[in-house]
Amino acid sequence: MVKVLTIVCCLLVLTGCSANSSQATANAIFHVQITATGSDQGGEFCNNFSLSNAQVETFFKKSRELTYQQLHNEFDYLPCFVKGTLQRNQQQCDFTLRAGATAELVCNDNTQYFYGCTTCDNLFVAK
């Protein structure tokens, strides 16, 4: 009986891991290409803000998907941004990633996604 329970528990753990793995793969970000760097009005201090394609990929790996309300309530809005294109879940998307560690995606089916990162401060250090 103990062997059966051990096997069942192991299978449940393995099944949970593969489900999480497929979810992570489904929302993976690929083919990042930055097309613009800039700021909104009042962002004169953004002159030195820039990110590389690799830094944008790192942001998306470390960030979590948010609702608009979470984005608004939990993160600061900063006028500095980089814009570009990427592929998410087999879709082509345009992104705007802001210095406040937030991003917005608009994909080719007009679906909008919001991301925020609480562990990405090292990506936004002035150079």
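# Exercises on salt bridges, rings and strands

R88 and E65 form a salt bridge, with 3.0 Å between their closest N and O atoms, where a salt bridge is a side-chain nitrogen of Lys or Arg within 4 Å of a carboxyl oxygen of Asp or Glu. The two residues stand 23 residues apart and link distant parts of the chain, R88 being in strand β3 (residues 80-88) and E65 in strand β2; helices (H or I, at least four residues) and strands (E, at least two) are DSSP runs, numbered from the N terminus. The model is a predicted one, in which local features need pLDDT of at least 70 and side-chain atom pairs count only at pLDDT 80 or more, while totals for chains, interfaces and linings use all residues. Residues are numbered from 1 along each chain as its sequence is written, and side-chain values use heavy atoms, with hydrogens and water left out.

## Exercise 1

Task: Find how many salt bridges the rule gives, and describe the pairs of D40 and E74.

Solution. Step one is the general idea: side chains of opposite charge can pair when their charged atoms come close. By the rule, the count comes to 3 salt bridges.

Step two takes D40, which forms a salt bridge with R98, the closest N and O atoms lying 3.0 Å apart. Because D40 lies in the loop between β1 (29-39) and α2 (53-62), whereas R98 lies in strand β4 (residues 91-98), this pair ties together parts that are 58 residues apart in sequence.

Step three takes E74, whose salt bridge with R64 has its closest N and O atoms 2.6 Å apart. Since E74 belongs to helix α3 (residues 68-74) and R64 to strand β2 (residues 64-66), the pair ties together parts that are 10 residues apart in sequence.

## Exercise 2

## Exercise 3

Task: Describe the rings around F60, with their distances and angles.

Solution. Step one is the rule: rings of Phe, Tyr and Trp (its six-membered ring) pair if their centres lie within 6.5 Å, and planes under 30 degrees apart count as stacked, over 60 as edge-to-face and the rest as tilted. By this rule the count comes to 4 aromatic pairs.

Step two is F60 with F95: the ring centres are 6.3 Å apart and the planes stand at 80 degrees, so the pair is edge-to-face. F60 in helix α2 and F95 in strand β4 are 35 residues apart, and the pair links distant parts of the chain. F60 is buried at 7% relative accessibility, and F95 is buried at 2%.

Step three is F60 with Y115, an edge-to-face pair at 5.1 Å centre to centre and 85 degrees between the planes. Here F60 in helix α2 is joined to Y115 in strand β6 (residues 112-116), 55 residues apart, and Y115 counts as buried at 5% relative accessibility.

Step four gathers the rings: F59, F60, F95 and Y115 form one aromatic cluster.

## Exercise 4

Task: State the order of the strands in the open sheet, and name its edge strands.

Solution. Step one is the pairing rule, by which two strands pair if DSSP finds at least two bridges between them. The open sheet of 6 strands has the order β1-β3-β4-β5-β6-β2, with antiparallel pairing.

Step two is to find the edges, which are β1 and β2, each pairing on one side only.

Step three looks at one pairing within the sheet: β4 and strand β5 (residues 102-107) pair in the antiparallel sense over 6 bridges, and T96 stands opposite E104 in β5.

Step four places L97, which is found in strand β4 and counts as buried at 0% relative accessibility. The C-alpha atoms of L97 and K83 are separated by 6.4 Å, although the two residues are 14 residues apart along the chain.

Terms used:
Buried < 20%, exposed > 50% of the residue type's maximum accessible area, 1.4 Å probe, protein only.
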